[in-house]
Amino acid sequence: MPAREQATVAGVVLVYRPDATTADSLAALASQVDEIFVVDNSVADPLSVGLRDAVSGRAGVRWLEQDGNVGVAAGFNAGLRAAIAAGHDEAVIFDQDSTVTPGLVAALRAARAADPLAGIVGPALRSAATGIVYRREQGIGVTSTDVVISSGSLFSRSVLERIGLHDEPLFIDYVDHDICLRARRAGLHNLKVHTAILEHRFGAAEPVRLLGRQVYRADYSLLRVYHATRNRVIVVRRYGFGRWFWEDAWFTLKAWTKLLLLERDRGAKLRTALRGFVDGLRYPARERRW
């Protein structure tokens, strides 16, 4: 590991019942960071045990066991806290649905170094199912944006000290929106780096036919439907209807169209979404810092 007087970067990887590709993703990440912190949200699960055994003893990898499934926000925070405590200046966080591509971390760090007001710096997303960069992710160089997806994004010690960590009670979904919009409110620039490509899978990404075209349905669990609906309402109440909302509205419209036409348990998901909407209205709207 480089001497501590040099700026170092850690990788944080959040796992929950990881599949066989996660070990390959860790190996790809290892060449781009100084140290990896694996945050385990399913400690007793055989898949987690298998991955832990596979990477045990590997230099530069630390395993952080959590007390059950603490959620995405708390899991990312556990890894970020460990990385900062270990003396790293920056950390790139990933969930297990993401695969790092060559040069990703270096491109993120270069973009941050070029902008003294850089907040959260994220990659462009490429579909793991199709191999194509999503249309709304395409661009040239570095662009300013309201929100970047948490997975694959670079966080610096100085930014975290200024805005705090992820809002842990949000648990999952829109935790990235919340922390990015908090950074913008603090006067920072969130950046999307189009030369940094992250392969990402949304849910099951199961191919199906709709009106003669092949589309991919996420088929999220009721837990995800609840938190996505509730947290979307919370974030709107906190930050208003900015550019981020209209971009998200298009994504949400497509997701719900596929849900209503193609997915299983539609009635249960509608009832769950309604409960999430009501709970979002009841939830305290003030920002939380961790």
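Predicted model: local features only at pLDDT ≥ 70, side-chain atom pairs only at ≥ 80, totals over all residues.
**Reading strands, helices and rings**

Visitor: Which strands pair with E9?

Guide: Strands (E, at least two residues) and helices (H or I, at least four) are DSSP runs numbered from the N terminus, and two strands pair if DSSP finds at least two bridges between them. Strand E6 (residues 118–127) runs parallel to E9, with 8 bridges. Strand E5 (residues 98–100) is antiparallel to E9 over 3 bridges, and there serine 98 sits opposite histidine 200. Strand E7 (residues 142–144) is also joined to E9 by 3 bridges in the antiparallel sense, with serine 144 facing leucine 191.

Visitor: Why is E9 called largely enclosed?

Guide: Check how much of each residue is accessible: buried is under 20% relative accessible area, exposed is over 50%, and partly exposed is in between, using a 1.4 Å probe and protein chains only. In E9 (residues 189–200), 9 of the 12 residues are buried, so the rest of the structure largely encloses this strand.

Visitor: What about helix H3: how far does it reach from its first C-alpha to its last?

Guide: The expected span of a helix is 1.5 Å times one less than its number of residues. H3 (residues 72–85) has 14 residues and reaches 20 Å, close to the expected 20 Å. With 11 of those 14 residues buried, H3 is largely enclosed too; among the buried ones are Phe76, Asn77 and Leu80. After H3 comes glycine 87, which has a positive phi, near 100 degrees.

Visitor: How many aromatic pairs does the structure hold?

Guide: You describe a ring pair by the distance of the centres and the angle of the planes. Rings of Phe, Tyr and Trp (its six-membered ring) pair if their centres lie within 6.5 Å; planes under 30 degrees apart are stacked, over 60 edge-to-face, and the rest tilted. The structure holds 3 such pairs. Phenylalanine 241 and phenylalanine 245 make an edge-to-face one, 4.7 Å centre to centre and 85 degrees between the planes. Tryptophan 244 and phenylalanine 245 are edge-to-face as well, at 5.8 Å and 85 degrees. Phe241, Trp244, Phe245 and Trp246 form one aromatic cluster.

Visitor: Which residue lies over the face of tyrosine 220?

Guide: A charge sits over a ring if NZ of Lys or CZ of Arg is within 6 Å of the ring centre and within 35 degrees of the ring normal. Here arginine 224 lies over the face of tyrosine 220, at 4.3 Å from the ring centre.

Conventions. Residues numbered from 1 in each chain as written. Heavy atoms only, no water.
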